[in-house]
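Okay, thanks for coming, everyone.

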Amino acid sequence: MKIAYTVEDAKSQVRQWKKEGLTVGLVPTMGYLHEGHESLIKRAVAENDRVVVSVFLNPTQFAPNEDLASYPRDFEADTKLCEGAGAALVFHPEPSEMYAEDACTFVDMTAVTKELCGKSRPIHFRGVCTVVNKLMNISMADRAYFGQKDAQQLAVIRRMVRDLNMNVEVVGCPIIREADGLAKSSRNTYLSEEERKAGLVLSQAVKLGQKLVAEGEKSAAAVTGAMSELISAEPLAKIDYVSMVSWDSIEPVETIEGPVLVAMAVYIGKTRLIDNFIYEG
């Protein structure tokens, strides 16, 4: 496995693979990798000749009051996980390598970024779309892999690729959970032991929502109301949102008439956790 620290080194390696007629998979990450990332890499390895994993803590998707400075980092552990999972190249640039001092080009999206995380993190998806576009260009990926835990991000990236006619297939992969149900996340390391137990309320709410929908409940208010009530009973939990939206447009729905995303963001102490489920109908 090779490590590239510059855009040109990464491009040079990918160009060589493309000359050989090899397919390339991309797994974009912000580092501090866990089993969820590992599952994405292994899926990419199974479906492509070579796999690029980007380990880049992207500053443009963090607001000034968010956790960029404290976000966990362990590049040595990340490289071991990538190598063990079968990645061929880790791309680990500095922000100055990815963004010129006078950079003034961004990928901005309307509609699918308005709701859910877009309400409380208004600059987030501009940063996400811009960096993912750049990583797709650098890697010349045939396929790019994203986890369903960040379901709105997955929908946003799919729409960007469609709208901009990009030559890459976006592959969504299932949420990977701890044995007790907590969705795997690099931010779980922020949680104290007490907060870790409290965080289980998110996956419990997911199970409740899934049960109600499976039993035939079609009202968005009934489903999200029951989930919110369950979460609110946990003293350490503070709800950012619990919402049901169209899985295609990320627009709010009142009743289930097609595929929907039921998503939540909840603060456990100071840590913002997300979880969701998708009902295909």
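Predicted model: local features only at pLDDT ≥ 70, side-chain atom pairs only at ≥ 80, totals over all residues.

**A helix and its charged pairs**

So, E47 and R43 sit 4 residues apart in helix α2, which means about one helical turn separates them. They form a salt bridge, and the closest N and O atoms are 2.6 Å apart. How accessible are the two partners? E47 is at 32% relative accessibility, so it counts as partly exposed. R43 comes in at 31%, so that one counts as partly exposed too.

α2 covers residues 35-47, so to speak its 13 residues, and it reaches 18 Å from the first C-alpha to the last, close to the 18 Å expected at 1.5 Å a residue. Which of its residues are buried? That would be G36, H37, L40, I41 and A44. Looking down the axis of α2, you see the buried residues fall within an arc of 140°, so they line one face of the helix. And what covers them? The cover includes strands β2 (24-29), β3 (50-55), β5 (143-147) and β6 (169-173), along with helix α3 (75-85).

Take R159 and D248: their side chains meet in a salt bridge at 3.9 Å, N to O. R159 is in helix α7 (residues 151-163) and D248 is in the loop between β7 (237-246) and β8 (260-268), so this pair ties together parts 89 residues apart in sequence. Buried or exposed, then? R159, at 16% relative accessibility, counts as buried, while D248, at 55%, counts as exposed.

Then there's R177 with D275, a salt bridge at 2.8 Å, N to O. Here R177 lies in the loop between β6 and α8 (193-198) and D275 in strand β9 (residues 271-279), so the pair ties together parts 98 residues apart in sequence. R177 is partly exposed, at 29% relative accessibility, and D275 is buried, at 3%.

There's also a network of salt bridges linking E35, E178 and K184.

Last stop, the start of the chain. M1, I3 and Y5 make a nonpolar patch on the surface, with about 270 Å² of accessible area together. M1 lies in the segment before β1 (2-4), and at 36% relative accessibility it counts as partly exposed.

That's it from me.

Definitions and conventions
Residues numbered from 1 in each chain as written. Heavy atoms only, no water. Patch = residues over 30% accessible without salt bridge, like charges linked within 9 Å, V, L, I, M, F, W, Y side chains within 5 Å. Areas by Shrake-Rupley, 256 points an atom, 1.4 Å probe, with all protein chains shown as cover. Salt bridge = Lys/Arg side-chain N within 4 Å of Asp/Glu carboxyl O. Helix = DSSP H or I, 4+ residues; strand = E, 2+ residues; numbered from the N terminus. Buried < 20%, exposed > 50% of the residue type's maximum accessible area, 1.4 Å probe, protein only. Expected span 1.5 Å × (residues − 1). Arc of directions from axis to C-beta. Contact = heavy atoms within 4.5 Å.
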